[in-house]
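Biologist: Please take a close look at one part of this model, the cavity, and then at the charged pairs. What lines the cavity, and how are the charged pairs placed?

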Amino acid sequence: MDGNQPNDISAVVAADRAHVWHHMIQHKPFETIDPRVIVEGKGMRVWDARGKEHLDAVSGGVWTVNVGYGRVSIADAVRDQLVKMCYFAGSAGSIPGAIFAQRLIEKMPGLSRVYYANSGSEANEKVFKMVRQIAHRHHGGKKWKILYRERDYHGTTITALSAGGQQQRAAQYGPLTPGFVEVPHCLEYRRQWDGPDYGIRAADAIEDVILREGPDTIGAICLEPVTAGGGVIVPPHGYWDRVQDICRKYNILIHIDEVVCGMGRTGEWFGYQHYGIKPDFVTMAKGVASGYAAIACTVTTEAVFDMFKDDADDPLGHFRDISTFGGCTAGPAAALENMRIIEDEGLIANTTAMGARLMANLAALQDKHAVIGDVRGKGLFCGAELVADRVTKEPAAEKQVAAVVADCMAQGVIIGMMNRSVPGLNCALCLAPALIATPDDIDQITGAIDGALGRVFG
């Protein structure tokens with residue numbers, strides 16, 4: 001740890017316990033034990049308040065710190081920008097906002113406009129509002145429904161939860177926003193239909209829903225390129241081609257949620273670029289600035305953009321939306337330097353290479369441990385589904401999966417798992433190490449899992 005860090009931060013831990021309401025965690029145990037406080041990070045590793053070192057295999061817990069910790073150049077870029085011009089509402093532009101938008105669009109052929117916000121949930125909400133406004137202004141109030149996929153996740157606001165296919169995320173937060181319609185998942189390991197060409201069959205199920213609801217009621221479909229917290233689901237062969245054909249057939253806008261997969265995570269700049277998709281909207285957040293500043297982007301086409309300026313005399317004709325902190329300049333300043341690092345250090349190529357190593361290591365563990373039913377992933381975004389029985393595919397108990405995560409933590413390796421997502425199926429381990437991972441890092445991660453599986457399952 002940094003020598004400038006105070007040796008005794010017990011007062012900090014006490015303040016945390018007394019006053020901080022942590023995300024996604026039950027606080028009852030903190031009445032008798034200390035909450036975890038992370039005090040420092042460098043590269044792939046973080047240190048907690050007790051000085052224990054951990055290899056972080058989930059990039060900040062939620063797949064965010066793509067270029068690793070301790071990047072002085074990003075911090076310097078943010079500092080320099082803040083003292084020059086920290087903020088002005090998004091009704092005006094900024095130098096880093098303009099430059100990053102241009103750099104971003106260079107990576108996204110076919111798209112042309114960037115709308116800034118400060119979280120993935122918010123970026124997705126912008127699309128939902130755009131689709132609804134298009135319905136009112138261009139479809140006579142029709143085409144207002146939005147399709148989403150079982151197991152996908154698009155954020156934590158009430159409307160984002162309404163567009164999410166994880167029942168436990170939305171439980172107890174209803175009534176939810178109307179007009180969001182679920183389509184079936186595409187996880188072939190837990191196939192819902194027999195026969196060949198599973199990807200095409202899973203996509204055809206979307207058309208079934210469209211026809212049931214009425215094509216003239218559906219305005220958009222919102223999908224993750226690779227399902228993240230719902231189990232790291234890589235779409236089967238043929239799926240995306242068929243989905244795109246269906247959407248064009250019925251004039252349904254395609255919204256790709258890249259909040260997790262964007263900025264190199266899957267081995268391309270964006271996950272959708274593996275599949276030849278031509279989206280109408282792409283949203284992103286997490287890895288855009290690797291957590292060094294808050295930034296999210298809703299990116300769209302000139303055709304969509306033009307629908308909001310066709311009648312300049314209409315006071316309700318433009319997109320009447322604002323994101324207060326979308327006007328912060330720290331986000332695009334950090335994002336520019338983050339993108340430079342990814343390019344100059346060849347991190348997308350590294351992601352592909354290290355992702356292949358990670359998948360190979362997981363496959364070897366699958367050969368060794370009967371509890372691993374399926375291994376799947378794209379780039380440095382991988383998962384292993386744990387089962388009690390390989391033949392029946394009965395899911396492993398969630399508490400046992402959590403015990404594997406806890407065992408790895410005790411070894412000094414932080415991994416993730418599905419949790420509070422799909423009832424009875426929260427049984428997948430989730431791995432998303434930083435794009436800077438080395439072979440030794442990958443081997444340490446899978447080595448920890450190997451030991452944990454042996455101790456938990458025998």
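**The cavity and the salt bridges**

Modeller: In this predicted model, the lining of the largest cavity consists of Tyr 116, Ala 117, Ala 294, Ile 295, Phe 325, Gly 326, Cys 328, Gly 331 and Pro 332. Two or more of these residues come from each of strand 4 (113-117) and helix 11 (330-344). By class, the lining holds 7 nonpolar residues, 2 polar ones and no charged ones. The volume of the largest cavity is about 30 Å³, and a search of the whole structure finds 1 cavity of 30 Å³ or more.

Now the charged pairs. The structure holds 33 salt bridges. One of them joins Glu 343 to Lys 107, with the closest N and O atoms 2.3 Å apart. Glu 343 sits in helix 11, while Lys 107 is in the loop between helix 4 (95-106) and strand 4, so this pair ties together parts 236 residues apart in sequence. Lys 107 is buried, at 17% relative accessible area, whereas Glu 343 is partly exposed at 32%. Shared partners join Arg 103, Glu 106, Lys 107 and Glu 343 into one network of salt bridges.

Another salt bridge links Asp 34 and Arg 17, whose closest N and O atoms are 2.8 Å apart. Arg 17 belongs to helix 1 (10-19) and Asp 34 to the loop between helix 1 and strand 1 (38-42), so the pair ties together parts 17 residues apart in sequence. Asp 34 is partly exposed, with a relative accessible area of 38%, and Arg 17 is partly exposed at 37%.

Technical notes
Residues numbered from 1 in each chain as written. Predicted model: local features only at pLDDT ≥ 70, side-chain atom pairs only at ≥ 80, totals over all residues. Heavy atoms only, no water. 1 Å grid on protein atoms, 1.4 Å probe; cavity = no way out; pocket = protein on both sides within 12 Å on 5 of 7 lines; lining within 4 Å. Points joined across faces, edges and corners; volume = space filled by probe spheres on them. Helix = DSSP H or I, 4+ residues; strand = E, 2+ residues; numbered from the N terminus. Nonpolar A, V, L, I, M, F, W, Y, C, P; charged D, E, K, R; others polar. Salt bridge = Lys/Arg side-chain N within 4 Å of Asp/Glu carboxyl O. Buried < 20%, exposed > 50% of the residue type's maximum accessible area, 1.4 Å probe, protein only.
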